[in-house]
Amino acid sequence: MVTVLGIESTAHTFGVGIVNSQGKILANVMKIYKPSVGGIHPREASQHHAAKAAEAVAEAFQTAGIKPSDIDAVAFSQGPGMGPCLRTGATVARTLSLALRKPLIGVNHGVAHIEIGKLVTNCGDPVVLYVAGGNTMVVALVEKKYRILGETLDIAAGNCLDAFGISAGIGPMPAAEIYAKQGSKIYDIPYRVNGMDVSFSGLLTASEKLLKSGVPLGDVCLSLTETVYSMLTEVTERALAMTAKSSLLLVGGLARSKRLCEMLNTMCVDRGASLHVVPDQYAGDNGAMIAWTGLLMYGCKQFINVDESFVKPRMRVDEVEVCWSP
Amino acid sequence: MESLNFVEKKVIRVGAEAVIKEAFWKNHRIIVKHRVPKRYREESIDLRVRKSRTIHEAKMLIHLSENGIPVPLVYFIDPVECVIYMQYIEGLELRNHPGAVERAKRLGNIVGEMHGLDVCHGDLTLANIIADENQGVWVVDFGLSGFNADLEEKAIDVHLLERSAASTFPTQTKKFFENFLKSYSETTGRDAAKEVLEKVKEIRSRGRYVAR
């Protein structure tokens, strides 16, 4: 039995997870930085992580009911993410690795979102829609890599919805989706789909302009969320058609969106495909997903030396050799 | 449109956004491309998207026909139902054609001319190229095409074509692409072709656009 500890710290969440080779999640501790005003400030978030790290690690061991020496490896989020946040997590991971004399594993944050989704939903070999505050992409496993079939050409879908909510004074998601329920009229805002790529920045600007021009907040939120989710559903359907896969996995923070799930489900029903959605507790950033992916990498000895364990703020999912795929 | 008396025959292809059917109009064989409604989308958004794409594609086909590029002629447009009625091209998809390598020469001229008009196809795979019985080559499905194409978009066309050839007939890809490039650069001029090829290399290094 192999047990791996994973540390997540790409953005607002400092997470510590412990997972064993039976796929059992023994601990999944999260400490979330909440900015008093505006969006995430990278330095403040990293200071939050540094302050909470020791407590989170101790809590994880306690929940799992194991001793530090019982783990076989330490995994950490190597990227993509905010530099200062990533470095804090990496520092904690290196320290544990050296002190416990256990191998260190650098995990790609996006791959981790996908792998935890696969673990908990049992979805086979799916097309994956990964949508969150910092990432938006449609990927599928082809020849041992998660190939990016489509992605955002500018900002992430979650970023678009969060940024609108913050500038409108209602705060980040799920605020925009909640206010959308009060809306009744849909306004024309840019619908930018280019093949399997999407673009959200024009639509964010258009929504902010609508609000300033006096359109009720509910209507703007409704127009914004309906347009964003329609675009995502469309590119996902294209990816399903192109790859001829019949299973769809939705992961990332936006997997918590009821309306997005509803649209994807309608699309899947019409195509005869099955939809799998990562449960809420594993949708957002968490340590368990890093630990689980670390465990998969442990199986093919994808270790990293401490002196080479630089963080990669712009790391892409297709950089990772998925050595554990059959 | 009932008065036009289209007799729909059979479904040829079902894509992610459109259904392609074969039909007859006064004993004349035509293609019917119907962008079907999507239930997941709110109705007004759905109609806006389907309508604008139908009009865009029809405009593009007409523009290319007028400039002598072999694409299907547009007969009718129904912007309410989001349907384009167009010329039926007799022939075989290039991916199933035994003489594909030879036809690459003609294809190079056509894509070169199209790029000279600053038009990109957006989905230039062998399934969207038809070889007829008279050594001719036709390009179809302009649903993802664009006016005012930049270098990157032209390079994506060339890249997609190469990927598509590589996955269809791996052993003949090199010859196919050589033939294509020779006539492509004859049409666009060597400098323009060189620029596009440089960009193709860059796109290839990004490792995207796979599995078609």
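1. Is the crossing of helix 7 of chain A and helix 8 of chain A left-handed or right-handed? The crossing is right-handed, a term used where the near helix is turned clockwise from the far one by less than a right angle, anticlockwise being left-handed. This is a predicted model, in which local features need pLDDT of at least 70 and side-chain atom pairs count only at pLDDT 80 or more, while totals for chains, interfaces and linings use all residues. Residues are numbered from 1 along each chain as its sequence is written, chains are lettered from A and ligands numbered from 1 in the order in which they are written, and side-chain values use heavy atoms, with hydrogens and water left out.

2. The axes of helix 7 of chain A and helix 8 (residues 258-271) of chain A come within 10 Å and cross at roughly 35°; axes are lines fitted to C-alpha atoms, for helices over the stretch in contact, with angles from 0 to 180 degrees between N-to-C directions. Helices (H or I, at least four residues) and strands (E, at least two) are DSSP runs, numbered from the N terminus.

3. In this pairing, residues of helix 7 of chain A including Tyr229(A), Leu232(A) and Leu240(A) meet residues of helix 8 of chain A, among them Leu260(A), Met263(A) and Met267(A). The residues of the contact divide into 8 nonpolar, 3 polar and 4 charged.

4. Helix 1 (residues 43-66) of chain B has 24 residues and spans 34 Å between its first and last C-alpha, close to the 34 Å expected at 1.5 Å a residue, where the expected span is 1.5 Å times one less than the number of residues. Gly68(B), with a positive phi near 80°, follows helix 1 of chain B.

5. The buried residues of helix 1 of chain B (under 20% relative accessible area, with exposed over 50% and partly exposed in between, for a 1.4 Å probe and protein chains only) include Ile45(B), Val49(B), Leu61(B) and Leu64(B), as well as Asp46(B), Arg50(B), Arg53(B) and Glu57(B). These buried residues pack against elements of chain A, strand 9 (193-194) and helix 7 (217-243), and against elements of chain B that include strand 3 (28-35) and helix 2 (100-116).

6. The domain assignment of chain B gives domain 1 (2-87) and domain 2 (92-206), with bounds from an automatic or database assignment. Their centres, taken over C-alpha atoms, are separated by 24 Å, and 17 residues of domain 1 of chain B are in contact (heavy atoms within 4.5 Å) with 19 residues of domain 2 of chain B.

Definitions and conventions: Nonpolar A, V, L, I, M, F, W, Y, C, P; charged D, E, K, R; others polar.
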